[in-house]
Amino acid sequence: MSDQQLISSCLEGEAEAFKEMVDRYKTKAMALALNVLGNREDAEDACQETFIRVYFNLDKFDLQGSFRNWFYTILSNRCLDLLRKRRRFFSFFKKMKAEYSDRASVQSSSSSESQPLTQNILQGLSPKERVVLCLWASEGYSGVEIGRVMKCSPSTARVLLFKARKKIKNKMEKANVSLSNG
Amino acid sequence: MFRCRMVNFLFSIIPLRIGQDFLLRKHIRNCASCQENLASLEEIKSLLIQEAEVGDLEGLWPKVEVQLAKEERKEKVFCLPRWGWAVGAAGLLVAIILGVWLFWSDYFGKPSEQLDRPFQIKYIRVHDKPARAYLFQPQDSNMIIIWAEENI
C-alpha cells in the first residue's frame, strides 16, 4: 500500500492504517531523532509527538506532495523545538548550579566525558546542521529536497551541509591526531 | 591550490548564503582538493546511528495509541466549553434584545398614540396639599414650564 493510500484510509478513520504508517516510519524517525537529539529518551518523545501531530494534521496534508518530506518536516521541527527547550532549561540549570553547588557540575562533566567519540563529533554541529547531515547521508536527499523539508532555500541547505561536512572532517582529523598521540 | 585557498577565504568572508552557495557550485563541488577537506558520505554514515542500530521500537505504538486517546479526549473537553460559550453568548444576546424591546414598549409605548391623546394636568399637589401653579411659555416656543409652589 502506498503512503497516499494509507493516508486516505487514515482519513476514513481506519486505526489499523495509522498503525501501519507508524510501523513504516518509526525506524527512520527514531534514527533521525537519535542523531539530532543525541539521547534515546528525547528521541522517543520527539517521535511520539511527531506521530500525534501527523495524525491530527493529516487532513491538511496535500495528497499530491511527498508524505516522507512532510513527515520529516514535522519531525525535524519537533527535534529542533526540543533542543531549544533543552537549551533554555540548561541555561537556567547552569545559573542554579553556579549559585548552589559544585556537585552537579562534577556529575555533568563526568557524563560528557562518558559520551562516545562519534556523539561528541555530532554534538559539535548546530542542530540544523545535524538535521541536514542526517537527511543527506541517511535518506540520500539533495539540497533541493533538504530545502523543502527544512523550509529553507536549497542554497541554505547546501551551505549548511558543506559546513557540517567540513566541521566533521576537522573534528575527525583532530580526534585521529589525539588518538594516535595518546 | 591558490584558487582553492582563495575560494575558501571568500567563502568565510561572504555573509550571504547565496554567495556561499555560488562558490560551492562553481568550485568546491567539482574540486578534488576541496572535497578532501570534507567528510565523505561513508565517513558520515559511520558516525550516524543507522536504522538497523535503532533497536527495539515495539513500545512506541502503544505509547502513541495512549497519547492519541488522551489528545482526542482533550479535544472533546475543549469543544464543550467552546460550545458552552457560544450558547451562553447567544442566550445573553437574545435576553438583551428581549429586555430592550420590553423596556421600550413599556416606557415609551407607541408615540403616535400618545400624541393623539391631549395632555392635561388637573391639579398639582405639594406635600399632599393643593399647590399654587404657574405656567410659563417662552415666546416662539412650544415648551411649557410649570412652576408649583406650596400653598401656605
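**Exercise 1. Placing a histidine in chain B**

In which loop of chain B is B:His27 found, and is the residue buried or exposed?

Solution. This is a predicted model, in which local features need pLDDT of at least 70, side-chain atom pairs count only at pLDDT 80 or more, and totals for chains, interfaces and linings use all residues. Residues are numbered from 1 along each chain as its sequence is written, chains are lettered from A and ligands numbered from 1 in the order in which they are written, and side-chain values use heavy atoms, with hydrogens and water left out.

Step 1: B:His27 sits in the loop between α2 (17–26) and α3 (32–35) of chain B, where helices (H or I, at least four residues) and strands (E, at least two) are DSSP runs numbered from the N terminus.

Step 2: the relative accessibility of B:His27 is 10%, so the residue counts as buried; buried means under 20% relative accessible area, exposed over 50%, and partly exposed in between, with a 1.4 Å probe and protein chains only.

Step 3: leaving aside residues up to four places away in sequence, B:His27 touches B:Arg3, B:Cys4, B:Val7 and B:Cys34, a contact being heavy atoms within 4.5 Å.

**Exercise 2. The overall make-up of chain A**

Describe the secondary structure, burial and contacts of chain A.

Solution. Step 1: chain A has nine helices and zero strands, and the order from the N terminus is therefore α-α-α-α-α-α-α-α-α.

Step 1: of the 182 residues in chain A, 44% are buried.

Step 2: when contacts between residues at least 6 apart in sequence are considered, 63% of them join residues at least 24 apart. One pair separated along the chain is A:Val144 and A:Ser155, which are eleven residues apart and whose C-alpha atoms are separated by 8.2 Å. A:Val144 belongs to helix α8 (residues 143–150) of chain A and is partly exposed, with a relative accessible area of 37%.

Step 3: chain A exposes about 9500 Å², of which carbon and sulfur atoms supply 51%; accessible areas come from the Shrake-Rupley method with a 1.4 Å probe, and for residues only the protein chains shown count as cover.

**Exercise 3. Salt bridges within helices**

Which residues are linked with A:Asp23 in a network of salt bridges?

Solution. Step 1: side chains of opposite charge can pair when their charged atoms come close. A salt bridge is a side-chain nitrogen of Lys or Arg within 4 Å of a carboxyl oxygen of Asp or Glu, and the whole structure holds 18 of them over all chains.

Step 1: A:Asp23 meets A:Lys19 in a salt bridge of 3.6 Å, N to O, and both residues lie in helix α2 (residues 15–37) of chain A, four residues apart, about one turn of the helix. A:Asp23 is partly exposed at 32% relative accessibility, as is A:Lys19 at 27%.

Step 2: A:Asp23 also forms a salt bridge with A:Lys26, the closest N and O atoms being 3.3 Å apart. These two residues are separated by about one helical turn because they are three residues apart in helix α2, and A:Lys26 counts as buried at 10% relative accessibility.

Step 3: the network links A:Lys19, A:Asp23, A:Lys26 and B:Glu58.
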